[in-house]
Amino acid sequence: MISRLRNDFRLTIITLLGSVSSAVIGSFMVWRLLRGDWLLGVFDAAVVVSVMAVVRMAWRDGHTERAGAWMAVINSGFGIVAGLVLGAGASGWIYVILMTSFYLAPLRVAATAGGLLLVCASAILLWRDVGPNHISTMVTWSLVYGFSLAFARRASKHRDSLEALASLDPLTGIPNRGMLEADLQQAILRRQGGRFGVLVLDLDRFKAVNDTFGHAAGDAVLVDLARLLREELRQGDSVYRFGGEEFVMLLPVGSEGALARAGERVRAAVETHLVGPGGPITVAIGGAMLSVERDWQDWFARADASLYLAKRAGGNTVHVADPL
Ligand SMILES: Nc1nc2c(ncn2[C@@H]2O[C@H](COP(=O)(O)OP(=O)(O)OP(=O)(O)O)[C@@H](O)[C@H]2O)c(=O)[nH]1
């Protein structure tokens, strides 16, 4: 439990905010119900039940993004009702909701729910009384909302660039080995929904390009190959740079024959269009359909063994492993 909290910031915020607000609002609920203040007592009970349901959702199915979005929307809704019922007495909670929405929910949901709360709560205050205290509360709400939005935007941009850095190959711009491993494992999990094949591509005699024309010329060939492979992708296909001059394609195909045909199409496209400083460059391709393997390494090893056979046959060849 502690490790889940440590590893998931959103779960921590949902749990902390959910339990603190439930404890505080729950105490008010008991006090109000004992005094016979039914309207506010029932409102407090509704807040506690909804918030605890979201906390449970986050812990049970692990979808903290969905639970966080729900909590931001519910909190904003209750913030508006609290403004209506309690007036300026609700302003402390409105600060908390405006700020925490951006920790809980995806940017667009948080901005919309928070914006709605800001507008409605401000309108309620103005409708009650246009005094200097209320104006100052509205201005400080707007500042908290504006700064939180700006900060969340920047954090989301940083997160996107970090994700790109972690998942894309810097030379060719296509997904890297880490993404490949995750997608292969995902294909193994989803195998009931359809069949998948993998092609491993290795440039022929690439060392000679580097040795004769230099590393920069070799790099340019790798970039051209990545672009060409991207152009060859069909619906549902993916391409990755596994490392060095080895590339991988993951294809939703139904049989060894279909995988071999796809490999042959790619081989022919490379032979026709990939031209290095010393002339045309070719690839050897090994393939394997996903069979009974539970780990991507076992599946990949069969494609790699096929690649070895394609290389031994002199390169510029496709070899697909026989069905298991
Ligand atoms: N320019 C460049 N070269 C790379 C990169 N990564 C690996 N290489 C080169 O790729 C070459 C691979 O050499 P080998 O494994 O002998 O393969 P090969 O020359 O293609 O021989 P075969 O595969 O047997 O046809 C080496 O010269 C590596 O330096 C890279 O990012 N940029």
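Let's start with Met71, which sits in helix α4. Helices here are DSSP runs of H or I with at least four residues, strands are E runs of at least two, and both are numbered from the N terminus. This is a predicted model: local features need pLDDT of at least 70, side-chain atom pairs count only at pLDDT 80 or more, and totals for chains, interfaces and linings use all residues. Residue numbers run from 1 along each chain as its sequence is written.

Is Met71 buried or exposed? Met71 counts as buried, because it has 31 C-beta neighbours inside 10 Å. The cut-offs: 20 or more other C-beta atoms within 10 Å is buried, 12 or fewer is exposed, in between is partly exposed, with C-beta atoms placed from the backbone.

Who touches Met71? Leaving aside neighbours within four places in sequence, Met71 is in contact with Ile14, Val51, Val54 and Leu104. Contact means C-beta atoms, placed from the backbone, within 7 Å. Take Val51: 20 residues away along the chain from Met71, yet their C-alpha atoms are 6.7 Å apart.

Now α2, residues 9–34. Ile14 is buried there, as are Leu17, Gly18, Ser21 and Met29. The cover over these buried residues includes α3 (38–61), α4 (64–86) and α5 (91–104). After α2 comes Gly36, with a positive phi near 80°.

Last, the ligand. Of the 16 residues around it, Asp204, Phe206, Lys207, Gly218 and Gly244 come nearest; near means a C-beta atom, placed from the backbone, within 6 Å. Two or more shell residues come from each of β1 (197–203), α9 (206–213) and α10 (215–232). The largest share, four residues, belongs to α10.

Technical notes
The expected span of a helix is 1.5 Å times one less than its number of residues. Two residues are in contact if their C-beta atoms, placed from the backbone, lie within 7 Å.
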